[in-house]
Amino acid sequence: MLLNKLIWTAMFILLTACSNSHEANHAAKHVQIDTQKSPLMNVESPKEPEIQVTMFEGMVDDDGNVAGLGANLIGKLVVVDHCLLIQSGSPEQPAYDQPVFSKMSYAWDKEKSVLINKHTNQKYPIGSEISIGGGNANDEFQKIYNISKCSINVPLWIAS
């Protein structure tokens, strides 16, 4: 009888110890899993650089036109190297100009990537045909108004 009691006590102690060891091990695994962060949680997706649209506050006449510029540029709004350009010429031999828009005449909606003519409320998304008056900017104009050029070397077109 005493032997039976000793065997039962030993088995109880052994089971309790195994159970406590299993629970501690199980809890430790849960703590380890809970504290680990997924490697993707803190990774931000790279942002696309904004499109560079050149605007200036310059001398304009009463109609909002840049004074002294009377030529016309017809082409398509395109983005090259994150810069808004006007592509003209043939598809086989395209020519590019960097438009410089008067803030009094044009606005840029960067959320929608749309150029807006303030006088007509016409909207020009990327890829659309556009006809703008104006003329080529010389170096003096560029210096006076501190016009920043795009990274690619193309002529500046002052849009009126």
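## Reasoning about a disulfide

Trainee: Why is Cys83 called buried?

Mentor: In this predicted model, Cys83 has a relative accessible area of 2%. Buried means under 20%, so with its 2%, Cys83 is buried.

Trainee: And Cys150, what makes that one count as buried?

Mentor: Its relative accessibility is 8%. The cut-off is under 20%, so Cys150 counts as buried too.

Trainee: How do you know that a disulfide joins Cys83 to Cys150?

Mentor: Look at the sulfur atoms: S to S comes to 1.4 Å. A disulfide is a pair of cysteine sulfur atoms within 2.5 Å, so this pair gets the name.

Trainee: What makes it a link between distant parts of the chain?

Mentor: Cys83 and Cys150 are 67 residues apart. Cys83 sits in strand S3 (residues 83–89), while Cys150 is in the loop between helix H2 (139–144) and strand S9 (156–159).

Trainee: Okay, zooming out. Which order do the elements follow from the N terminus on?

Mentor: The run is α-β-β-β-β-β-β-β-β-α-β, with two helices and nine strands in the protein.

Trainee: Back to burial: what share of the 160 residues is buried?

Mentor: Buried residues make up 27% of them. As for the surface, the accessible area is about 11400 Å², and carbon and sulfur atoms hold 56% of that.

Trainee: And what share of the contacts with a separation of 6 or more comes from residues 24 or more positions apart?

Mentor: That share is 60%.

Terms used: Residues numbered from 1 in each chain as written. Predicted model: local features only at pLDDT ≥ 70, side-chain atom pairs only at ≥ 80, totals over all residues. Heavy atoms only, no water. Helix = DSSP H or I, 4+ residues; strand = E, 2+ residues; numbered from the N terminus. Buried < 20%, exposed > 50% of the residue type's maximum accessible area, 1.4 Å probe, protein only. Contact = heavy atoms within 4.5 Å. Areas by Shrake-Rupley, 256 points an atom, 1.4 Å probe, with all protein chains shown as cover.
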